[in-house]
Amino acid sequence: MADEVSKKRVLSCIQPSGMLTLGNYLGALKNWKNMSDDYDCIFAVADLHTITVRQQPAEFRKHILDTFALLLAIDLDPQKNILFLQSNVSAHSQLAWVLNCYTQFGELNRMTQFKEKSQKHADNVNAGLFTYPVLMAADILLYQADLVPVGADQKQHLEITRDIAMRFNNIYGDVFTIPQPFIGKEGAKIMSLADPLKKMSKSDENQNSYVALLDDKDTVIRKFKRAVTDSQALVKKADGKDGINNLITIYCTVTGKTVAQTEKEFEGVGYGEFKLAVGEAVAKELAPIQEKFNYYRRDKAKLEEIYRDGASRAQYLANKTLGKVMKKVGFIY
Ligand code: TYM
């Protein structure tokens, strides 16, 4: 294993925009946990990003604490890793402003997530929604991250982060590490159970389209039983079988089995039985997380102690980069 000095830096964040889903878990959080043994890891709840969509304050506060408690519930050690709330570290907003001035309108205008979200929230296409990837670039570049574990939907945001960093470095010298996305081979894009052509999303209005990490066993199984599939009754990955492909991916990612093993295991088995097996495997994976979530979420004082400590360690690292940036640009800092 790499020693402390040569460990690569990993950073990633998650928005507290609702109850986290199985998609967030399989696409991102599971990798965070896996990487936390071998890398120097920093993980944050990206609460500043979340107000690009209007939030009800009491609910927003609850979602922030729920999301933070879930990071602990998946066994991310707050001593070994830095875990914090993005809005608690002012350097994120400060660097985002500077980087805004090194990002082109045309680049941001190409972002598919901006296009999708501005259609979905047509009554509130605010400037924050547009410059959202710049704040994300600030999150990453402040910590000189080498690797950023994310789901496939964030790839474009990683590309613009790299472009902004390279542009800045070209002008001022080596200020930022150029980060690489880390996208898992399996589970990088978990699809909706109700419409397998759409990504599973916590902001989906149809609650049957996603499995929430806190759904109880009966709910998980019911949602899988209702999952949209095809009429072939063949548990095999193939083009056009989007529903079944998604369920096989979920089953493999959760159990660690390969696609071939899974297809063999369910040869000649009907969809009803297969869906039940997927639901049971997922519920089994979530049960210990839910238990630990309840433990951490109850103790508000302990949670606060952990996110405050995380923020002060994060702020220390972030300020080093911010100071360098401000001086390079010419500010009296
Ligand atoms: P967010 O909060 O939408 O999602 C958190 C993580 O979950 C992944 N994810 C998925 N993976 C597989 N299948 C799905 N259906 C699925 N849905 C979500 C996302 O790819 C992400 O990795 N902008 C980011 C948060 C962010 C961030 C950052 C990430 C803010 N600053 C800096 C990395 C680095 C977001 O909205 O993710």
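User: Which residue is the bridge partner of Cys-13 in β2?

Analyst: In β2, Cys-13 has Ala-44 as its bridge partner, and Ile-14 stands opposite Val-45 in β2. Strands here are DSSP runs of E with at least two residues, and helices are runs of H or I with at least four, both numbered from the N terminus. Please keep in mind that this is a predicted model, in which local features need pLDDT of at least 70 and side-chain atom pairs count only at pLDDT 80 or more, while totals for chains, interfaces and linings use all residues. Residues are numbered from 1 along each chain as its sequence is written, and side-chain values use heavy atoms, with hydrogens and water left out.

User: Over how many bridges do β1 and β2 pair, and in what sense?

Analyst: β1 and β2 pair in the parallel sense over six bridges, where pairing requires that DSSP finds at least two bridges between the strands. On its part, β2 (residues 40–45) also pairs with β3, again in the parallel sense, over four bridges, and there Val-45 has Leu-85 of β3 as its bridge partner.

User: And are those strands buried or exposed?

Analyst: Five of the six residues of β1 are buried, so β1 is largely enclosed by the rest of the structure, and β2 is mostly covered, with five of its six residues buried. Buried means under 20% relative accessible area and exposed means over 50%, with partly exposed in between, using a 1.4 Å probe and protein chains only. In a regular strand the side chains alternate between the two faces of the sheet.

User: Switching to the ligand, which residues come nearest?

Analyst: There are 27 residues around the ligand, and those that come nearest are Gln-15, Tyr-132, Asp-139, Asp-153 and Ile-190; a residue is near the ligand if one of its heavy atoms lies within 4 Å of it. The shell divides into 13 nonpolar, nine polar and five charged residues. In that scheme Ala, Val, Leu, Ile, Met, Phe, Trp, Tyr, Cys and Pro are nonpolar, Asp, Glu, Lys and Arg are charged, and the others, Gly among them, are polar.

User: What lies at 2.6 Å from a nitrogen atom of the ligand?

Analyst: That is a polar side-chain atom of Asp-139, and a backbone N or O atom of Gly-23 lies 3.2 Å from a ligand nitrogen atom. A side-chain N or O atom of Asp-153 is 2.4 Å from an oxygen atom of the ligand. On its own the ligand has 710 Å² of accessible area, of which the protein covers 97%; accessible areas come from the Shrake-Rupley method with a 1.4 Å probe, and for residues only the protein chains shown count as cover. The elements that contribute two or more residues to the shell are β1 (9–14), α1 (22–35) and α7 (127–142).

User: Where does Lys-223 lie, and which residue does its side chain contact?

Analyst: Lys-223 lies in helix α9 and is buried, with a relative accessible area of 4%. A polar contact of 2.7 Å joins its side chain to that of Asp-215, where a polar contact is a pair of N or O atoms within 3.5 Å, and within protein one must be able to donate a hydrogen and the other to accept it, with sequence neighbours counting only if both atoms are side-chain atoms. Asp-215 sits in the loop between β5 (180–182) and α9, and Asp-215 counts as buried at 14% relative accessibility.

User: What about the backbone at Asp-75 and Ala-233?

Analyst: Asp-75 has a positive phi of about 75° although it is not a glycine, and Ala-233, also a residue other than glycine, has a positive phi near 55°. Asp-75 is in the loop between α3 (57–73) and β3, and Asp-75 is partly exposed at 38% relative accessible area. Ala-233 is found in the loop between α9 (217–225) and α10 (242–255), and Ala-233 counts as partly exposed at 48%.

User: Last one: how many helices and strands does the chain have?

Analyst: The chain has 13 helices and five strands. Of its 333 residues, 52% count as buried, and the C-alpha trace spans about 70 × 45 × 45 Å along its principal axes.
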